[in-house]
Structure formats: C-alpha cells, structure tokens
Protein chains: 2
Amino acid sequence: MKYNCLIVDDEKLLADSTAEYFSLFGVTTAVAYSLDECRSFFAEHTAELILLDINLGDGNGFDLCRELRGRTDIPILFLSARTSDDDKIVALNIGGDDYIQKPYSLGVLLAKVKAVLKRYGGVSDFSDGYLRVDTRAKQVFVKGNAVKLTALEFKLLSYLIERKGKVISKQELFEKVWEDKFTGDGTLNVHIRRLREAIESNPNEPKYIVTVWGDGYKFVGGGR
Amino acid sequence: MKYNCLIVDDEKLLADSTAEYFSLFGVTTAVAYSLDECRSFFAEHTAELILLDINLGDGNGFDLCRELRGRTDIPILFLSARTSDDDKIVALNIGGDDYIQKPYSLGVLLAKVKAVLKRYGGVSDFSDGYLRVDTRAKQVFVKGNAVKLTALEFKLLSYLIERKGKVISKQELFEKVWEDKFTGDGTLNVHIRRLREAIESNPNEPKYIVTVWGDGYKFVGGGR
DNA sequence: AAAATCTTTAAAAATTTCTTAAAAATACCC
DNA sequence: GGGTATTTTTAAGAAATTTTTAAAGATTTT
C-alpha cells in the first residue's frame with residue numbers, strides 16, 4: 001500500500017497521536033518505531049514522504065537518511081529535539097528536505113506536510129495544448145482525443161512525467177516500471193517507440209520523450 | 001539574469017548581509033526591499049527561489065505570495081519574526097513552501113536554501129553569465145542556449161567542474177571518467193577539444209578548460 | 001634548436017538506439 | 001475449457017551516434 005506519510009519515531013505516543021491527527025485530515029499515515037521497522041515497512045509498502053526522528057532506539061536517523069537516499073528521492077523531513085545548528089545543517093546536507101524542531105505544533109506540521117505533498121507528491125499529470133495525461137482517470141488525450149495505452153505503457157509514461165526534466169536511466173525504468181524484472185533493453189525500446197507513436201505528433205522527432213544517448217530517456221514538457 | 005535566490009525584505013541590513021553571505025557560498029542572490037522592487041525585479045530577471053518577509057513597508061508578503069502563485073511555481077520560503085502558529089499555517093496554505101523563524105542562523109538558512117535549490121531548482125552545478133551546467137537534466141547552456149554534449153563529454157565536464165580550480169592529471173581523468181579504462185592520451189585530447197568547441201567562446205584560447213602543461217587540465221570559473 | 005607535450009583533423013571502429021516483424025505470454029469472452 | 005484478442009517480449013538487421021585511432025601540425029619547455 002502507498003501511504004502519504006511515514007513517521008519514524010521511537011516516542012510511540014507522540015508518533016501515534018500525530019499519525020491519528022494526520023489521518024483525520026486526510027493524510028494517510030503509517031508509523032515505524034525503529035530503523036528496523038522502517039526497513040520492513042519499505043519492503044512491503046511505500047510512502048510519499050518521511051518524517052524522521054534523529055534519535056532512534058536502534059540507531060541514528062542520519063544513517064537511515066543516507067541509506068534511503070541511495071535508492072529513493074522521496075522527501076525526508078527530520079523531526080528532532082536537538083537544537084544545535086550543526087545538526088540542522090548536517091540533516092539538510094545529507095539529503096534531508098527540512099528540519100522541524102520538537103516539540104512541534106500538530107497544525108503547523110500538518111500544513112507543512114501538505115505543502116510538501118502538494119509540491120512533490122507523485123504528480124504525474126501533465127497538460128499542455130497538445131497532450132493531456134490524467135492519472136486518476138488513467139487517460140491520455142492528444143489534441144483532445146482519447147488515446148489508448150496499455151497498462152504498462154501508461155505506467156511508463158507516468159513515471160517519466162513524474163520525473164519530468166530529469167534523465168531517467170534504463171536501469172531505473174526497469175526498477176520502477178517493471179519492478180526490477182529486467183527483460184532486456186529491446187523491450188524498453190519497443191515500448192518507448194509505441195509511446196512515441198501514441199503521443200508524439202512526429203514519432204521520429206520526439207518532443208516529449210527524448211532519448212539521452214548513453215543514458216536513458218527524459219520527458220520534456222514546458223517549464224515547470 | 002537568472003539568480004538562484006531573491007530576498008524580499010525591508011530590513012536592509014539583514015537582507016544585504018544575508019545576500020552577501022549566500023554569494024560567498026556560491027548562491028547568487030538579489031535583494032528587493034519592497035513589493036514594488038520585487039515586481040520590477042521580475043520584469044527583468046528571474047530567480048529559482050524566493051525568501052519572502054511578511055511585514056513589508058508597502059504591503060504584505062502573503063499578498064505577494066498569492067500574486068506570484070498566479071503565474072509561477074517557484075518555491076517561496078517565508079521569513080518572519082511573527083511566531084503565531086496561525087501565520088505559519090496561512091503561509092503554508094497559500095502556497096508557501098516553508099516558514100522560517102527570524103532571527104535565523106545564516107548557516108542553517110543557507111543549507112535550507114541549497115536543499116530547496118537542489119530538489120526543485122535547476123541544480124546548476126556551475127553558472128555564470130555565459131555558461132550553465134545542470135546535472136539533473138544533463139544539460140549545458142551557453143548564453144542561454146542548450147548545447148549538446150555526449151554522455152562522456154558531459155561526465156568529463158562534470159568531473160572537471162566538481163574539482164573546479166584544481167589541476168586534474170590525465171591519469172586521474174581516466175580513472176574517474178573512463179573508470180580506469182586507459183585508451184591513450186589522444187583520446188583525452190580529442191574530448192577536451194570537443195568540449196572546448198562546445199562551451200568556449202574561443203576554443204583556441206580556452207577560459208574554462210585550461211591546459212596545465214605537463215600535468216593535466218583545470219576548470220576555471222568564478223560562479224558556482 | 002631539440003625534445004617533449006599538446007592540438008587538430010579526418011576517418012575507422014565500436015557502441016547504442018531504432019525499426020520491424022514475429023513469437024510468447026497474458027487476458028478475455030463465449 | 002477452447003478459442004480469440006490483446007499485450008509483452010524477443011530478435012536481428014539497419015541506422016545513427018559516439019569513441020578511438022592515428023598522423024601531421026603547433027606550441028611550450030629546457
């Protein structure tokens with residue numbers, strides 16, 4: 001299951017009440033009380049955002065952050081009672097997105113979380129005058145006309161759009177779209193071509209799905 | 001011109017010293033002392049991120065935020081001495097990305113700004129008026145125009161920039177860029193030349209990629 | 001001025017991506 | 001359950017692009 005938010009904190013009472021409060025306002029939230037629980041969480045689920053305490057029973061939030069950064073880009077907001085500037089700077093430098101001082105106000109934290117979700121949360125919708133991709137309805141329109149894509153094609157397109165502007169390696173695509181089932185570059189080629197045929201006005205000179213030689217592909221769509 | 005950061009604050013001393021501090025660490029920063037100045041700034045320039053005070057001489061930061069949100073998605077971080085939770089929640093709800101309490105620590109604020117730039121901004125690993133290098137999108141711009149580099153050329157340039165100012169031996173370049181596959185100095189020569197042709201205004205008198213006789217090459221650049 | 005090092009150029013070699021068609025796997029319907 | 005339609009993968013030659021090689025010219029150092 002995909003949660004909006006995962007709280008990693010060994011102060012069970014605080015974590016639980018925060019999670020409950022979030023849920024009340026429509027932010028689905030899971031809780032992990034330790035590094036270990038966090039790891040097993042990700043074995044089965046995902047989240048769009050992590051609230052991460054620094055002092056944990058079985059280890060250090062900084063280390064977990066570094067570990068996660070190795071394989072995901074998900075926003076990480078640190079929560080901590082530590083007040084030193086050095087801690088804050090380290091947190092931000094190792095890939096944290098924010099540092100929130102404990103004790104925090106539930107209302108402010110929720111607003112903050114919502115702001116991050118709004119900006120970052122896997123938004124793979126896209127729309128310009130020519131192409132429109134609607135993730136909720138799983139539909140794609142070209143010049144207003146619905147275009148039929150297979151489930152896999154749609155997933156591929158969504159992922160590229162979600163990471164619009166960035167170069168996505170083939171490896172990453174197999175990881176994320178094929179869920180690690182690598183079947184060979186030829187597969188990808190063919191799907192990319194079909195996508196191009198479906199959405200590009202001239203598939204031989206793609207404007208949206210651009211090849212980055214020696215690297216992968218990139219979705220290009222007007223500014224940000 | 002495109003700045004990394006625009007500070008909008010009527011406390012001139014604070015704004016100026018913050019801007020100066022940022023510049024010192026490679027974040028190009030402009031300052032506007034009022035809503036009006038901010039508007040005229042955007043008439044001619046742009047920024048990747050705004051630090052916005054709430055209490056301004058000629059109006060209110062919240063209003064400016066709403067106004068900007070109408071036409072841009074650029075990250076807005078509020079700066080304010082106001083401590084009320086309500087203010088923070090409003091700031092986040094109207095499209096602000098963060099709320100930073102004054103007085104702030106310059107070091108922490110810089111780390112925060114860099115983190116935001118890294119995630120949302122065109123992460124310019126190098127940028128001056130003439131040349132801009134963006135790792136995330138694997139793109140290089142010369143005088144604002146995208147320049148096409150091969151994957152290897154890009155890797156070479158990135159490495160030189162990463163070690164900007166230091167002399168890099170050919171051996172080291174083969175180690176790091178070619179991953180230890182030594183193919184002969186001729187190879188390197190040719191790639192350096194192509195890079196120069198791509199990014200130097202006069203490839204025969206390189207200003208960025210400088211030859212260090214008997215040693216290797218060095219990237220020279222003032223920006224970040 | 002000689003020796004060593006760097007630059008330029010063009011063409012060969014190697015690599016990567018594209019295209020196409022057909023085979024295999026999967027889902028769907030009666 | 002059998003047959004059909006759809007989707008996904010495989011495979012192989014063609015096309016495009018990148019990288020290396022090599023040789024001649026230029027520059028710097030000693």
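**Close-up views of the predicted model**

**View 1. The loop that holds A:Lys138.** A:Lys138 lies in the loop between strand 11 (131–134) and strand 12 (139–142) of chain A. In this predicted model, the phi angle of A:Lys138 is near 50°, a positive value in a residue other than glycine. A:Lys138 counts as exposed because 12 C-beta neighbours lie inside 10 Å, and a residue is exposed at 12 or fewer.

**View 2. The loop that holds B:Glu179.** The loop between helix 7 (170–176) and helix 8 of chain B contains B:Glu179. B:Glu179 is a residue other than glycine with a positive phi, near 50°. With 8 other C-beta atoms within 10 Å, B:Glu179 is exposed.

**View 3. Cis peptide bonds in chains A and B.** In chain A, the peptide bond that joins A:Lys102 and A:Pro103 is cis, with omega about 0°. A:Pro103 is placed in the loop between strand 9 (98–101) and helix 5 of chain A. In chain B, a cis peptide bond runs from B:Lys102 to B:Pro103, and its omega is near 0°. The loop between strand 9 (98–101) and helix 5 (106–120) of chain B holds B:Pro103.

View 4. Strand 2 of chain A is joined to strand 5 (residues 50–53) of chain A by three bridges, and the two run parallel. Within this pairing, A:Ile50 in strand 5 of chain A is the bridge partner of A:Leu6. Strand 2 of chain A also pairs with strand 3 (residues 29–32) of chain A, in the parallel sense and over four bridges. A:Ala32 in strand 3 of chain A stands opposite A:Val8. Between strand 2 and strand 3 of chain A, the chain passes through helix 1 (residues 12–24) of chain A, in a β-α-β crossover that is right-handed.

**View 5. The contact between chain A and chain B.** Chain A contributes 23 residues to the contact and chain B contributes 21 residues. On the side of chain A that touches chain B, helix 4 (85–93) and helix 5 (106–120) of chain A are the elements that give two or more residues. Helix 5 of chain A gives the most, with six residues. By class, the residues on this side of chain A are eight nonpolar, six polar and nine charged.

**View 6. Residues around DNA strand C.** Of the 21 residues around DNA strand C, those that come nearest are A:Asn189, A:Thr211, B:Asn189, B:Arg193 and B:Thr211. Helix 8 of chain A gives the most to the surface near DNA strand C, with six residues. The residues of that surface comprise seven nonpolar, ten polar and four charged.

**View 7. Residues around DNA strand D.** DNA strand D is surrounded by 22 residues, of which the closest are A:Thr150, A:Leu152, A:Thr183, B:Thr150 and B:Leu152. At least two residues of the surface near DNA strand D come from each of helix 6 (151–162) and helix 8 of chain A, and helix 6 (151–162) and helix 8 of chain B. This surface has nine nonpolar, eleven polar and two charged residues.

Note on methods:
Residues are numbered from 1 along each chain as its sequence is written. Chains are lettered from A and ligands numbered from 1 in the order in which they are written. This is a predicted model: local features need pLDDT of at least 70, side-chain atom pairs count only at pLDDT 80 or more; totals for chains, interfaces and linings use all residues. Two strands pair if DSSP finds at least two bridges between them. A crossover is right-handed if, with the strands pointing away from the viewer, the path from the first strand over the helix to the second runs clockwise. Two residues are in contact if their C-beta atoms, placed from the backbone, lie within 7 Å. Ala, Val, Leu, Ile, Met, Phe, Trp, Tyr, Cys and Pro count as nonpolar, Asp, Glu, Lys and Arg as charged, and the others, Gly among them, as polar. A residue is near a molecule or strand if its C-beta atom, placed from the backbone, lies within 6 Å of it. A residue is buried if 20 or more other C-beta atoms lie within 10 Å of its own, exposed if 12 or fewer, and partly exposed in between; C-beta atoms are placed from the backbone.
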